[in-house]
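Open the model in your viewer and get ready to select a few pieces with me. We will begin with the whole chain and then zoom in, stop by stop.

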Amino acid sequence: MKGLSMVATDQLSAVFAALADPTRRAIIATLATRDATVTELTAPLSISMPAVSRHLKVLERAALISRSRSGKWRASHLEAAPLREAADWIEDYRRLWDSSLTRLDVHLAAMQAAERATDPASDDDQERE
């Protein structure tokens, strides 16, 4: 697995903490399709605009979104890089587990083959099937 610096780990912690909340994940899902204002993000949610703004601040601190101003409108934009870093971190562990499970499969197959080789009754059982 790749080594992570403490700063990268802290960033990863901020990303996972931000994604732990279902409302923030819903906001991320919306921003994955388009940039949106607080008003647009509030519409499908059952919470107030100030609550959505607080969620946006968490997402912004985790570098998952950026915000830009155009006139009186302030739009939020999804920043995909931190999501990619989180996915890469998870992928490293998926590969570790896949490798472990493959080794376990090989070990079990070897044990079963050894058992069949030393147990003549298992050959009789197979012939009856």
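This is a predicted model: local features need pLDDT of at least 70, side-chain atom pairs count only at pLDDT 80 or more; totals for chains, interfaces and linings use all residues.

**Stop 1: the whole chain**

Show the protein chain as a cartoon and you will find six helices and three strands. Walking from the N terminus, the elements come in the order α-α-β-α-α-β-β-α-α. Of its 129 residues, 22% count as buried. Among the contacts with a separation of 6 or more, 51% link residues 24 or more positions apart.

**Stop 2: the sheet**

Select residues 36–37, 65–70 and 73–78. In what order do the strands lie in the sheet? The order is S1-S3-S2, in an open sheet of three strands with antiparallel pairing. Strands S1 (36–37) and S2 (65–70) are the edge strands, each pairing on one side only.

Look next at S2 and its partner S3, residues 73–78: they run antiparallel and are joined by six bridges. To see two residues facing each other, pick serine 68, which stands opposite alanine 75 in S3. At the turn of this hairpin there are two residues between the strands, and glycine 71 takes a positive phi near 65° there.

**Stop 3: a residue in S2**

Stay on strand S2 and select arginine 67. Is arginine 67 buried or exposed? Its relative accessible area is 18%, and buried means under 20%, so arginine 67 counts as buried. Show its surroundings: leaving aside residues up to four places away in sequence, arginine 67 touches Val38, Leu56, Lys57, Glu60, Arg74, Ala75 and Ser76.

**Stop 4: helix H4**

One of those partners, Leu56, is among the buried residues of H4, so let us go there. Select residues 49–61: this is helix H4, which packs on the sheet and touches S2 and S3. Its direction makes about 120° with that of S2.

You can check the length of H4 yourself. Its 13 residues, at 1.5 Å a residue, should span 18 Å, and the end C-alpha atoms are 18 Å apart, so the two agree.

Now colour Ala51, Val52, His55, Leu56 and Leu59, which are buried in H4. Where around the helix do they lie? They cover an arc of only 145° around the axis, so they are on the same side of H4.

**Stop 5**

Finally, select alanine 63, in the loop between H4 and S2. Most residues other than glycine have a negative phi. Alanine 63, however, has a positive phi, near 65°. How accessible is alanine 63? Its relative accessibility is 32%, so alanine 63 counts as partly exposed.

How values were computed. Residues are numbered from 1 along each chain as its sequence is written. Side-chain values use heavy atoms; hydrogens and water are left out. Two strands pair if DSSP finds at least two bridges between them. Helices (H or I, at least four residues) and strands (E, at least two) are DSSP runs, numbered from the N terminus. Contact means heavy atoms within 4.5 Å. Axes are lines fitted to C-alpha atoms, for helices over the stretch in contact, and angles run from 0 to 180 degrees between N-to-C directions. Buried means under 20% relative accessible area, exposed over 50%, partly exposed in between (1.4 Å probe, protein chains only). The expected span of a helix is 1.5 Å times one less than its number of residues. The arc is that of the directions from the helix axis to the C-beta atoms.
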